[in-house]
Amino acid sequence: MALDLDEFHGMFFEESFEALDDMETGLVNLDVNADPVDLDAINTIFRGAHSVKGGAGMFGFTEVAGFTHVMETLLDKIRDGAMRLSQPTVDAFLQAVDCLREMLRATQAGETVMSAHVEQTQRSLESILAAGDSEPVKAAEVDAPVSASTESPADGDPQVQLDTQRWSISFKPHAEMLATANDPLIILQELSLLGDLSVTVDMASIPGLGELESEKIYLGWQMELSTNVTRDEIVTVFEWVEGECDLEIKELSAGRDQGAKSSSEYSDIEVAKTADPAPPAGADKQKPAVPARATNSDAGSIRVGIDKVDSVINLVGELVITQSMLSRFGEDEGFLDFEGLRQGLVQLDRNTRELQQTVMQIRMLPISFSFNRFPRLVRDISGQLNKKIDLVIEGDQTELDKTVLEKIGDPLMHLVRNSLDHGIEMPEDRLAAGKSEVGVLKLNAYHSGGNIVIEVGDDGQGLPRAKLLQKARDRGLVGANEELSNDEIHHLIFHPGFSTATNVSEISGRGVGMDVVRRNIQDLGGHVELQSEEGAGCTFRIRLPLTLAILDGQLLRVGKEIFVISLVSIVESLQVTLDNVNAIAGRAELFRLRDEYIPIVRMNELFGIESDCTELEKGLLVVVESDGIQVGLFIDDLLGQQQVVIKSLETNFRQTDGLSGATILGDGTVALIIDVPGLINKCLANALDNGRSLARTAA
Amino acid sequence: MAKILAVDDSTSMLQMVSFILQEGGHEVVDACDGVEALDRARNEPVDLVLTDVNMPNMDGITLVKELRALATYKFIPMLMLTTESSTEKKQEGKAAGATGWIVKPFEPDRLLATVNKVLG
Amino acid sequence: MTTLNDPIEAAGLDSHGDTGQHLTFIVDAEEYGVDILRVQGIQGWDSVTPIPNTPAYVLGVINLRGSVVPIYDLRGRFGLDQIAFGPTTVVIVVRVETDSGEKIVGMVVDAVSEVYMIDENNIKPPPDFGSSIDTKFVHGLATVEDKMVILLNIDELLREHSAPDDAIVQDPIESAEPVGA
């Protein structure tokens, strides 16, 4: 049978990358000085290497298998106490994990796996291994590299043709051989497949009837086998019962006695029994109660492709639309008499929503998937910078949508690097400032409303306000006499191209600025804010929607078109009185909302739609906010609020300015979703074009 | 056709072994570690146990030992899937009551042949 | 593969492989064709949701079985005058291949015409239309029942540029006819 095992490759890679992550976490947390060695931790790391090796061997990725074998051997020695753990060894292991990740990626991509780097890493592991051997702690035996088992000769067609030889085989199982469920009959059958077999039963050891025990074996067999297979192949048949029987194999033709295996003991034989290992009568058939296992929460989980989950989510999305269409029909007066139908529709409504919520849950993953890479990063970077840093992680089981999770990784990485590089001071500076020399970097996540909040905070020096302001003035972003609030100064770091580091360091200053971080977060429908106190530290707070698939939307009308706007971005809606509107240069309009002046965006003009009211006091102003900046959207009317399934416009079209997607309404028509942060950014850019630095300038 | 309990903490390995056994016409019950396997085996009698050695929570050798202590599993064949070529591990398995072992990596046909042989 | 099978397969290629079915349709009295394997469906004209700040030939988007699908006006795309949509006006839904993957889009045409078997060998390369329709939108010209059919390269034609649209041309017909005849 030729089975195609390729379909298991994808799963192997995914699993191996996870195993590597686990190994990395284990290594980073490993206490080198613990005595005795933390066996649990070593075992976890060992298992990672072991399972990668096992899989790689099965799938024929020999380089990966060879590499992991060296790691495994080394770990085995540490586990057995044959080698001592040291910081250089842990570092070498971490490098090996990186290297292995590279190798797996290359294998996955079908590229060349072996590189100078790989060979060098493997050599350094081998040299640690060799050095360990000379240590007189305890001699340990190195496993031979795994090789594929030889082909079974069970089909009676051995590959190597030998002359037929006659063998005398004496096989006398020990009385307890049945305890490992090795059935002598199976062994005899297997032997008979090797050639002509004649068998004589030796019943000499059968004890008296009264002493017979049903679970013991008292028979022996004397056999003659004519076969053309080698002696080794005959021995292989008895491989599993070695030590559980007396076995003598002699080559008859040659008449030589070849290495009989002797047994140390002969059991006391009391009663005869057939080789049939039937369970003894009265065997306890009761099922023992299943013990409750707290650690077993992931038991019974299955792994499915995200595309399958997404297609279910899409189908449910369509179901929701169909359901709301049906509901509308159901409200029709003509159906008033059909009570059963109406009840059914109500139930359909409830079930559909539950189904939708449940399905969305499937995509949710704990943020630990993202947080887990930071212990290693913090360890490496604090080493490079000679800083002392304690990483505190909280709320790492907080769940969010897989897509959001994947996309938030880079912004988080940037914020963490920033904190490590610019936030937390050198130990001596900290001591001088009266702080503990160990800085604290804290990652936290929690749910709040329909959002997830992720915090990256440190107890470092905080943002240097004077320096920021000076720089902004130097660059003409802020007027020489313009005074800014602390918050406004802090927000300057999100300005494109604004970096406070005096020299670009390897750790954080790789060209990507905080403006990109903010943009990435906005693209996910979230926003970032920060709190900083000079000398005490800085905390970034990212607020993100739990999912990118569904939005709590406010429907609104401009002309004949219906648009959707995210409810969370709406501050308030109000009617305009012309007294509060100021026109600037006959063009831009500002609305005075209490003490603030906010720009008015006429949606009909922006979108080129013929609207039924162009006079401000006849329509509505929806005040929306993104990153602390407010804009008033002038629209015709507000309609209902509803949860909508977000569809990308890019799938079949392209990204479009001012829009973040589309959705399908209950009547089956498409409504476009307004991109509030994008709109505000555009509005700001226009405002800057108009010669004003920020939209907050009073008229 | 037999009912086989396959145990491995590696999902890819477990699914592959299950796939091979199913292609060979067997019914497969699977478990991701010794603890789960023990639960399954207690609730659902199987004709053969095929287990990995290195697993979290409960390893394969302990699993074999625990299963052998159950009356229903006294004479059920139990095979270990192992990459450990050292005789030490094999002997440890034997002492726990394992019937035999299959060394990874293996050919699918080889796995089926061995399983079918043990099932008699 | 045995040599015995070769001639048979080769023959098979000759009789089927080079002949493709093409769906043809009318835009401003001219007949255009598109590979029928690209056609996902044909449906009547219904209202669309317009997308702000897009070229006029992007009529908007519709809900096609749960997907948001853009609808292009081929008259507009060819730079022809708009006419009121009538009872024969239909939307042909096609699959196009783009740099960012496969997309499903609809194109509004005056009417659907025929399905022709067209031998690849009888498709002539697009001639230089001069100042008229850009040849990159044309896969080739075929003559069917003494009529000329312009086979379109819809991947190019319906590709959405984020930059302002490249102009296509006035009136492909007049200049195309002498060349195709």
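Two residues are in contact if their C-beta atoms, placed from the backbone, lie within 7 Å. This is a predicted model, in which local features need pLDDT of at least 70 and side-chain atom pairs count only at pLDDT 80 or more, while totals for chains, interfaces and linings use all residues. Residues are numbered from 1 along each chain as its sequence is written, and chains are lettered from A and ligands numbered from 1 in the order in which they are written.

**Exercise 1.** Determine how many residues chain C and chain A give to their contact, and characterise the side of chain C.

Step 1. Chain C contributes 19 residues and chain A 22 residues.
Step 2. On the side of chain C that touches chain A, the elements giving two or more residues are strands S4 (58-64), S5 (67-73) and S7 (101-109) of chain C; helices (H or I, at least four residues) and strands (E, at least two) are DSSP runs, numbered from the N terminus.
Step 3. S5(C) supplies the largest share of this side, 4 residues.
Step 4. By type, this side of chain C comprises 10 nonpolar, 7 polar and 2 charged residues. Here Ala, Val, Leu, Ile, Met, Phe, Trp, Tyr, Cys and Pro count as nonpolar, Asp, Glu, Lys and Arg as charged, and the others, Gly among them, as polar.

**Exercise 2.** Identify which residues have the most contacts inside the largest nonpolar core.

Step 1. A nonpolar core is a set of buried Ala, Val, Leu, Ile, Met, Phe, Trp, Tyr and Cys residues joined through C-beta atoms within 7 Å. A residue is buried if 20 or more other C-beta atoms lie within 10 Å of its own, exposed if 12 or fewer, and partly exposed in between.
Step 2. The largest such core has 122 residues, and Val61(C), Ile71(C), Tyr72(C), Met107(C) and Leu152(C) have the most contacts inside it.
Step 3. Helix H12 (residues 402-423) of chain A gives this core its largest share, 7 residues.
Step 4. Leaving aside residues up to four places away in sequence, Val61(C) touches residues including Phe653(A), Ala662(A) and Val670(A), as well as Val48(C) and Ile71(C).
Step 5. A second, separate core of 95 residues includes Phe8(A), Phe46(A), Val97(A) and Phe75(B).

**Exercise 3.** Describe the fold of chain B.

Step 1. Chain B has 5 helices and 5 strands, arranged along the sequence as β-α-β-α-β-α-β-α-β-α.
Step 2. Of its 120 residues, 59% count as buried.
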